[in-house]
Amino acid sequence: MTGFAKASVRDADVDGKRALVRGDLNVPLDDKKITDDSRIRACLPTLELLRERGAAILVCSHLGRPAGTDPALTLRPVAERLGELLGTDVPLASGLVGDEVAAAAERLGAGDVLMLENSRFEPGETKNDPALAKALAALADVYVNDAFGSSHRAHATTEGIARELPACAGLLLEREVSELGRVRDDPEPPLVIVLGGAKVTDKVGVIDRFLGFAEEILIGGAMCFSIFKAEGRDTGNSLVEEEGVEHARRVLADAERSDTLLELPEDLVLGREFDAGTDVQELNSVDVPEGWMGLDIGANTAANYAKRIGRAGTVFWNGPMGAFELDPFAAGTRRVAEAVAEAPGHTVVGGGDSGAALAEFGLADRVDWLSTGGGASLEFVEGRELPGLEVLPDA
Ligand code: ADP
Ligand code: MG
């Protein structure tokens, strides 16, 4: 794989050893039932490789944002699902660290898999407490980071631990870095960035990174209203992030000076409320009247974006074009998703909701890479260092 400079699990000596694997198994749950297991599936290749090579495996992850131990956020459902997918029993340890966990780890044989309990039950996790990292390290001989989606956080299971054990990247982390790295550093031109979703402040760094580098940046979702507001347009009741308006002013000025085309919607679909049953109106401009909110890009905008995506050498898409969860406002996101699926260029999609949209339209396997990392994929393409990646030794 090109450009991956870190130690890889492919080259790790694990036969007869205990490997601690950090996965990003933070799956969506509906009352302890997993509603989407793709993050578990994404980690399987690394786990299978380690089993084939004779390692005993401890898997750890966080789940949700518990404040201390919280039975509602136990990793038990994840352990069960992982066991089904691997075709072996995957017991759940009593905690992340401790004597009981150490005893269970001792008993593991080659190919056995033990799931450790939710890492965020330990207060030291998010503090990157060295004592917690040391206690974890005592359980295993090698550390494998396969949690791309958590690697933008310097936590004990993503960063601290890699200082305590021989460490390497798992196959998913490696693939994420090379796919997103191609977009960031070496895209086949023209590079078309498609940005939508709700939070301008989260994504303005991506615009900054690609202004002057990408050929085109296409904006949809609620993001565009901060920009329209900065242009002095009426935005009605559209979702406008006030903090984003300042950013948007700067972005507009920067775009003016750059060679990158910053493309904004030319038409919209409006609703009275964020509700599938609300009144709907198509607007052939972008000045939103009082009492209405922009909830999707219009058909002309979608067709324009689809055309540009089809001509791209590389496409990076993050963020839905509208409130795609609501049927009357899904068409713009669907059109863009289809265009990305059909595009002959290298196509990479990041972001939880963009991925959910692709899955809903049955197109998830039609893109070259669907990133498992939301925030991590944004920070990576922005050029920020991911602590969990940086800490790994070079190959
Ligand atoms: P991702 O998870 O792909 O990074 P975000 O989390 O930034 O995307 O944004 C997704 C959310 O943005 C969706 O819930 C969607 O309903 C919402 N959204 C998109 N466009 C609009 C809009 N015009 N008005 C309000 N919400 C919107
Ligand atoms: Mg989201």
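A charge is taken to sit over a ring if NZ of Lys or CZ of Arg is within 6 Å of the ring centre and within 35 degrees of the ring normal. In this predicted model, Arg-209 meets that description at Phe-210, lying over the ring face at 5.3 Å from the ring centre.

**Arg-209 and the pair Phe-210 / Phe-213**

- Arg-209 lies over the face of Phe-213 too, where the distance to the ring centre is 4.5 Å, alongside the 5.3 Å found for the ring of Phe-210.
- A search of the whole structure for aromatic pairs returns 3 of them, and one of these is formed by Phe-210 and Phe-213, whose rings are 6.0 Å apart centre to centre with 40° between the planes.
- That pair is classed as tilted, because planes under 30 degrees apart would count as stacked and planes over 60 as edge-to-face.
- The two partners can also be described by their accessibility: Phe-210 is buried, at 0% relative accessibility, whereas Phe-213 is partly exposed, with a relative accessible area of 33%.

**The pair Phe-225 / Phe-228**

- Phe-225 and Phe-228 form an aromatic pair of the edge-to-face kind, with 6.1 Å from centre to centre and an angle of 65° between the planes.
- Both residues belong to helix α7, which covers residues 223-230, and because they are 3 residues apart in that helix, about one helical turn separates them.
- Phe-225 is buried, its relative accessible area being 2%, and Phe-228 likewise counts as buried, at 2% relative accessibility.

- The shell around ligand 1 holds 20 residues, of which Lys-203, Gly-294, Glu-325, Asp-353 and Ser-354 come nearest.
- Sorted by class, this shell is made up of 8 nonpolar, 9 polar and 3 charged residues.
- Strand β13 (293-297) and helix α11 (352-360) each supply at least two residues of the shell, and the largest share, 3 residues, comes from α11.
- Lys-203 has an N or O atom in its side chain at 2.8 Å from an oxygen atom of ligand 1, whereas Gly-294 approaches through its backbone, with an N or O atom 3.0 Å from a nitrogen atom of the ligand.
- A polar backbone atom of Gly-352 is 3.3 Å from an oxygen atom of ligand 1.
- Taken alone, ligand 1 exposes 580 Å², and the protein buries 85% of that area.

**Thr-314 in strand β14**

- Thr-314 is located in strand β14, which runs over residues 314-318, and with a relative accessibility of 1% this threonine counts as buried.
- A polar atom in the side chain of Thr-314 lies 2.7 Å from the backbone oxygen of Glu-188.

- Although Gly-236 and Arg-272 are 36 residues apart in sequence, their C-alpha atoms are 9.9 Å apart in space.

Definitions and conventions
Residues numbered from 1 in each chain as written. Chains lettered and ligands numbered in written order. Predicted model: local features only at pLDDT ≥ 70, side-chain atom pairs only at ≥ 80, totals over all residues. Heavy atoms only, no water. Phe/Tyr/Trp six-rings, centres within 6.5 Å; stacked < 30°, edge-to-face > 60°. Buried < 20%, exposed > 50% of the residue type's maximum accessible area, 1.4 Å probe, protein only. Helix = DSSP H or I, 4+ residues; strand = E, 2+ residues; numbered from the N terminus. Near = heavy atom within 4 Å. Polar contact = N/O pair within 3.5 Å; in protein donor to acceptor, adjacent residues only side chain to side chain. Areas by Shrake-Rupley, 256 points an atom, 1.4 Å probe, with all protein chains shown as cover. Nonpolar A, V, L, I, M, F, W, Y, C, P; charged D, E, K, R; others polar.
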